[in-house]
Structures are given as C-alpha cells and as structure tokens.
Amino acid sequence: MTVSGWALILLFVALTALLAKPMGLWLFALYEGRSTPLHRLLGPVERIFYRLAGIDPAEEQGWRRYALHMLLFNLVLLLFTYAVLRLQGVLPGNPQGFGAVGADGAFNAAVSFTTNTNWQWFAGETTMSNLSQMLGLTIHNFLSAATGIAVAFALFRGFARREIKTIGNFWADTTRVTLYLLLPLCIAYALFMIASGVPQTLAGSVDATTLEGVKQTIALGPVASQEAIKMLGTNGGGFFNANSAHPFENPTALTNFVQMLSIFAIGVGLTWCFGKAVGDTRQGWAILSAMGLLFVAGVAVTYWQEAAGNPILHQLGAAGGNMEGKEVRFGIAASALFSVVTTAASCGAVNAMHDSFTALGGLVPLFNMQLGEVVVGGVGAGIYGFLLFAILAVFVAGLMVGRTPEYVGKKIEAREVKLAVLAIAILPLVILGFTAIASVLPAGLAGPLNKGPHGFTEILYAFTSSAGNNGSAFAGLSAGTPFYNALLGIAMWLGRFFVIVPALAIAGSLAAKRHTPATSGSFPTTGGLWVGLLVGVILILGGLTFLPSLALGPVADHLAVTGGQLF
Amino acid sequence: MLNDLKSAVRPALVLTLLFAALLGIAYPLALTGAGQLLFPAEANGSLIRDGERVIGSELIGQTFSGDRYFHGRPSAAGAGGYDAAASAGSNLGPASQALADRVKADVATLSETTPGRPVPPDLVTTSASGLDPHIGPEAAFYQVARVAGARGLPESTVRGLVDAAVERPAFGFLGEPRVNVLRLNRSLDARPAAR
C-alpha cells in the first residue's frame, strides 16, 4: 500500500460525501414534482410524452396500482429488447454483420438489462450490433435506473405521508427522473468521455497494420453514450467484453476516478433526499455514515490484499502487488477501490478482473453483493434496500427495550417487518439455492474455468451477482450456455422484483399510518448508537447466512494459496 | 386489479416506443454528431497514422515480439493476444496451476535475455483488457539493454528515450507512472538508422 493510494481513496470518500447534498437537492425537487431550471427546455417533451401515452401525471396511485404499472412497463421493455436482439440480423446499424442472438441468450440479456443487472454472458464486440447496443441495451440503462429511483421515491412517500392511501404516480416519477436528471447529466458526461478518448462513432471497427506488420482489427462503436449512463445508472454493462478495463471505455486515471464518483453520485444523493423527505436531513446523514463505515472497511481489506500480492507468484520470481488482471494505468489502489465501489453500488462495471484478485481481495466484492448492495447501492435499489434493513434494525432495537418500534415518525408493526424479511430473504434463498443446484448438475459444473475452491467461487459469484442485480463476474465462468442463461435470468428477475414489490407494499402500508411524533422514549435514529446498530444488523442478518459459502469458496482458496496448493 | 393492469397497457406501450426513440436513437446519434464535430480524433479511436496507413490506436496495445522493440505485457485477448476485437483477461485465480506455469515460463524467458535482475511483475502478468497500452517504467528500463543491443545503439540513448516516455501521475496521485509501449517504439523507429 502506498501513500498516494490512500490519498486517492480518501479524496474519493470526501468528494462522494460532498456530492450528497447537491445531488440530493436536485432529486428532492423531482421527488416533489417541482420545477427545475431544465423544465423550460424539456417540459414540452414531458408533456408530449404524457399526452401521447394517455398519462395524467397528477393521478395518485395506491401501492398495488403503482406496482402493477411498474411491472407491466418493465415487462414490455423486456419484450422489446428481446425482439431487437432476436431480429438483429435483419435490422440496420449492424456494420459487423452479426446474426440474431440465440433465444436463451436474448432472454438472459433482456432480463439482465431490464433488471439493472447488466450481467453479460456475451462479449459485446463480438455479439451485439451498434443498433442492439443503442436501442436494445442503452434504453434499459436509463429506464431501469429511473424505475429504481421511482420505487425509492414511492417508499420515501410512505414514510413522509400521513394517513394517505397513495404513494405517487409511477409514470410521472420515471419520466421526470429520466428527462430532468439522467439524460442531461449523461449528455455532459458523454462529451467529457469522448474528449478523453472514448470512441463515439457508427463505424464497427478499423483495421490497423502494427509496427511489426501484423493486422490488428480494432473494434469501435457508439461507446461514450452508453458509457455515461452505464455508470450513472449503476448498470455496469460494458460496450466491450473487458468493460471499464478496456482502454476505449476507460482511457485514463481521470476517467477512472470520474467513473467511480458517478457510480455513487445518485445513490448518495438519495440518502440526503430521504432525510429531506422525512423532514430531518440528519436521518439521511446517519444512513450515509453507516454505509461509509462498511465501505471503508471493504476498501481497506481489498487494497491490503491486492497490494500484498500473490505469494505463489512471489516464489516464482514475480515480486510485488497482484497485477494479474489489472491495468497499468490504474494500478493496485484504483483497481481495488473500483472493485469495492462497483459491488457496493450494484453497478457491476469492472476496471480489473475480479476473478484474478487474491482470494480475500475477491471475497470483499462478493460479500458486498451478498449484503444486498446496500452500501450506497444501486440507484434507488440501494436506498430502498437499506430502508428494509433500517426497519429490521428498529424492530431489533424495539425488542431490546420492549416498546413498539418507530422510524422517522412511523410505527413499524408486524406487517412491515414481515414484508421486510420477505424482501431480504429472497437473496440468500436464490443465491444459495441456485448455487447448490449448479454445483451438482453436470451443466453447472461445466461452467468454471478455474479448478478447486476458486471454481466454486465462480459459480457462487455468478448467482450472487445476478440475484443482487450487480452484473460483475468472476468472468472465467462460461455462462453463455442455455443452463446458465436460464437460471441466471430467473435469479435476476427474482432478485429485482421480489424486493421491489414488498418495498412498495411497505410504502403503501406506511403511508396510511398516522404520524407518531418522537418522544423522550423513542429510540433515536440519528446518533452513533443507531449507526452502529444498522451496521450490526446488516452484517448479522444480511451477511451471516453466507459465511458457510464463503468458507467453501474464497477462504478455502486463501488457505490453498498460503499452503502452496495449486489446482 | 385487472382494471389497474388494463390502464397500464397504453402508457407502457407508448412510453416504450417514445423512450426507445429518444434514448435509443436520438441520444446516441446526437452525441455521435457532437463527438465527430468537436473531438474527431478521439471519437474515432485516437488512431495513429503513418501517411495513409493506420498503425494502431494510441490507447490500444499491440503485440511486439522482436528484440528491436520494447514488449508490452502478456495478453489474453484473442488467440494470439492483443486482439482488439476480442478484449479479455485471463481470469485465472490466485491458486491456478495454469497461471503459475505461465508465469514460471515467462520469468525463465526474461531471465535468459536479461540475467541477474528481478523481473518486473507487469511483464509476466496479463492485463484485465488484454489491450493494456502501458507498462511500468521499471518494465521499460528492464528491456533497455536488449533493445539497445538489437539496434546497435548506445544504452544511454535508449534509456533517454524511455526517460522521455515516462508519464507521471496527475497531481502526484491520480494514475500510476507508466510508459506507452507503442509510442516509445515509434520514437525508436523515428531515430535515424545507427552505425
């Protein structure tokens, strides 16, 4: 570890914290449906969209209606992308002349991008035409992010409203977030990326003759426009196979730093927005503090392990930190930091190959996802996932002191706790259940590249990443088979919507309740005690279930490496 | 419930089409136009040309195997490495026998041409993309004697070229010290023939 490495990490943490309020203010305006400076420019677009689609943005929806509309919209979007990928061979915008994507692959990709997972069984540059990338995939990067933020808004309203049965309008939330937040930010961001060296062209590739006289085909495409929303919307689906490690997706240390910041930007803004929505911004800062503790702990472990390097390679004469699967321009610190950011946040973009991390360095990204990606988390998904844990935390605190739990002015009762447990239980159920299935069936065992415990970790990582809607991979796994495409696709769908629907049900239930003013007997949900309780509940309820699986995978891997055992 | 669902059909269908047009077509095309206009070199892949001939991209590494050139890192992209249409890492885990075998072989080869010096780790590890255009300064200086010998140049001349090619971290901590291998090799070729 180096001083400059830690300076980078500390600067990143500081800038992220500074982003929370400005981003939160902007989000709060959209949450309230208030006008922003951009309404003058984009307001007509919003109104035309509503008119053509027959939407009344002022219509208030109950949680069931909100959830059904969200589900149907996502289903239509999924079918749309499935059709685009299946028809790729006959559609224009295909300079490379790629054929149709297979049925199982198109299903997996459509689910993957709809659920904000962006798991990629394919290599973009050898599978997807430019049109498929733009029309089939980029559109989801926006709308899955907007869906997540809309659900978060609905849950905020549940806490903020008093004795009202409705939680907002799904169409208005989604449209406003897309038009007034994601699109303008992405335009500016993409221009910065192009200026930094990220291609933006409709050409498919260019042929070069190298200095040594060999032909090199260099894949190109409309990369920057996808790159911007890939990071801001915590999607993470790269244009190229190597994702943000590819020099065309992430050419410099500066773009790398900006990419990391942009993964967290909206997520931290939402914590502030939550505090503002419930009338006490300290509530938002308390949440961000708990997230920050878990985050810094994760970065420290990964950076320490990657800088220490691989003792097996040391013995062979290659000293120093672990550079296998890392880029020279990022080095150890920025690669370790990126890996923790992207898995804390449900993004899934990678600037280094997690599969080649040291055993314990790779454990942290895996564990981050198993905690439910509530450390800042995916846009929207992070904060609604975190609030589920907050509900459990006040419940646990209530049990300890023997009174009805309350959180930000709402009594938390049996219904909310049941729903929160339901939403949190889906993750271990899917991850461990599906990993077990894949670990015994021949079709599952055909997947891993690495042998021994590391091969098991590749399978575990795949189901963790997909159920958690992250999308990063221990990429040695050959996942482009009908078996994995189907099972991982199902895992992504369950991991997304079996959390969202209970969260919306909680929103509806809370919105109908009376406001309970805090008294001297209320458990305070802002101080250090609360932050500690939150961290404890997340680690114990979220993490404990997974420890046996981690022992079989990365921990066994670590013991093998220290014992000099190769596979 | 059925009514709730029915009322969602039109917004879902129409918004899908409208957003597809806005986000899937207009947004990337507008940026393509703006990028081509404002930053044409970068938007088209930062290509390096020698007259009509495209030599490569400033951002993309390429294979160098001869003694007259500095070598980049081992690459797992495509069958022969540095396939810029098939980026990939090796994805070998820390306890992988295949990784150990590969590193052992590469260390042996390097130690043969440059005996008695510790091998820089980036010269025996594959990058994440397989297209890493850089090596660390150590890895460049490590190769100076071999390149100078093959070209019949004094080592000090070649070392001077490497010195000039080292890029430092911005503001002291953003990025790592590095050398762009293609650019360094071009600067070698740009020198008038020795002897």
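Predicted model: local features only at pLDDT ≥ 70, side-chain atom pairs only at ≥ 80, totals over all residues.
**Entry 1: chain A overall**

I began with the secondary structure of chain A, which comes to 20 helices and four strands. I then looked up its dimensions, and the C-alpha trace spans about 75 × 55 × 45 Å along its principal axes. For 567 residues a compact globule would have a radius of gyration near 24 Å, and chain A, with 23 Å, agrees with that value. Buried residues make up 64% of the 567 residues. Turning to the contacts of chain A with a separation of 6 or more, I noted that residues 24 or more positions apart account for 78% of them.

**Entry 2: chain B overall**

For chain B I recorded seven helices and five strands, and read along the sequence they follow the pattern α-α-β-β-α-β-α-α-α-β-β-α. The C-alpha trace of chain B spans about 85 × 45 × 35 Å along its principal axes. Of its 195 residues, 49% count as buried, and among the contacts in chain B with a separation of 6 or more, 53% are between residues 24 or more positions apart.

**Entry 3: where the chains meet**

I next looked up the contact between the chains, in which 102 residues of chain A meet 91 residues of chain B. Which helix of chain A gives the largest share of the side that touches chain B? I found helix α3 (residues 63-86) of chain A, with nine residues. By class, the side of chain A that touches chain B has 61 nonpolar, 30 polar and 11 charged residues.

**Entry 4: α6(A) against α1(B)**

I took the helix pairs across the chains one at a time, keeping in mind that two packed helices are described by the angle between their axes and the distance between the axes. Helix α6 (residues 130-160) of chain A packs on helix α1 (residues 2-38) of chain B at an angle of about 110 degrees, the axes being 9 Å apart. Angles of 65 to 115 degrees count as roughly perpendicular, and α6(A) and α1(B) are therefore roughly perpendicular to each other. The crossing of α6(A) with α1(B) is right-handed. On the α6(A) side I listed M134(A), L135(A), T138(A), I139(A), F142(A) and L143(A), which meet F19(B), A20(B), L23(B), G24(B), I25(B) and P28(B) in α1(B). This contact has 10 nonpolar and two polar residues, with no charged residues.

**Entry 5: α2(A) against α1(B)**

Helix α2 (residues 39-53) of chain A also packs on α1(B), at an angle of about 135 degrees and with the axes 8 Å apart. That angle makes α2(A) oblique to α1(B). The crossing of α2(A) with α1(B) is right-handed. F49(A), L52(A) and A53(A) of α2(A) make the contact with R10(B), P11(B), V14(B), L15(B) and L18(B) of α1(B). I counted the classes here too, and the contact divides into seven nonpolar, no polar and one charged.

**Entry 6: V13(A)**

Last, I looked up V13(A), which lies in helix α1 (residues 3-32) of chain A. Is V13(A) buried or partly exposed? With 16 C-beta neighbours inside 10 Å, V13(A) counts as partly exposed. Leaving aside residues up to four places away in sequence, V13(A) touches G292(A) and V296(A). I also noted that V13(A) and A253(A), 240 residues apart in sequence, are 17 Å apart in space, C-alpha to C-alpha.

Note on methods: Residues numbered from 1 in each chain as written. Chains lettered and ligands numbered in written order. Contact = placed C-beta atoms within 7 Å. Helix = DSSP H or I, 4+ residues; strand = E, 2+ residues; numbered from the N terminus. Nonpolar A, V, L, I, M, F, W, Y, C, P; charged D, E, K, R; others polar. Rg over C-alpha atoms; globule rule 2.2 N^0.38 Å. Buried ≥ 20, exposed ≤ 12 C-beta atoms within 10 Å, placed from the backbone. Axes fitted to C-alpha atoms, helices over the stretch in contact; angles between N-to-C directions. Parallel < 35°, antiparallel > 145°, perpendicular 65-115°, else oblique. Left-handed = near helix turned anticlockwise from the far one by under 90°.
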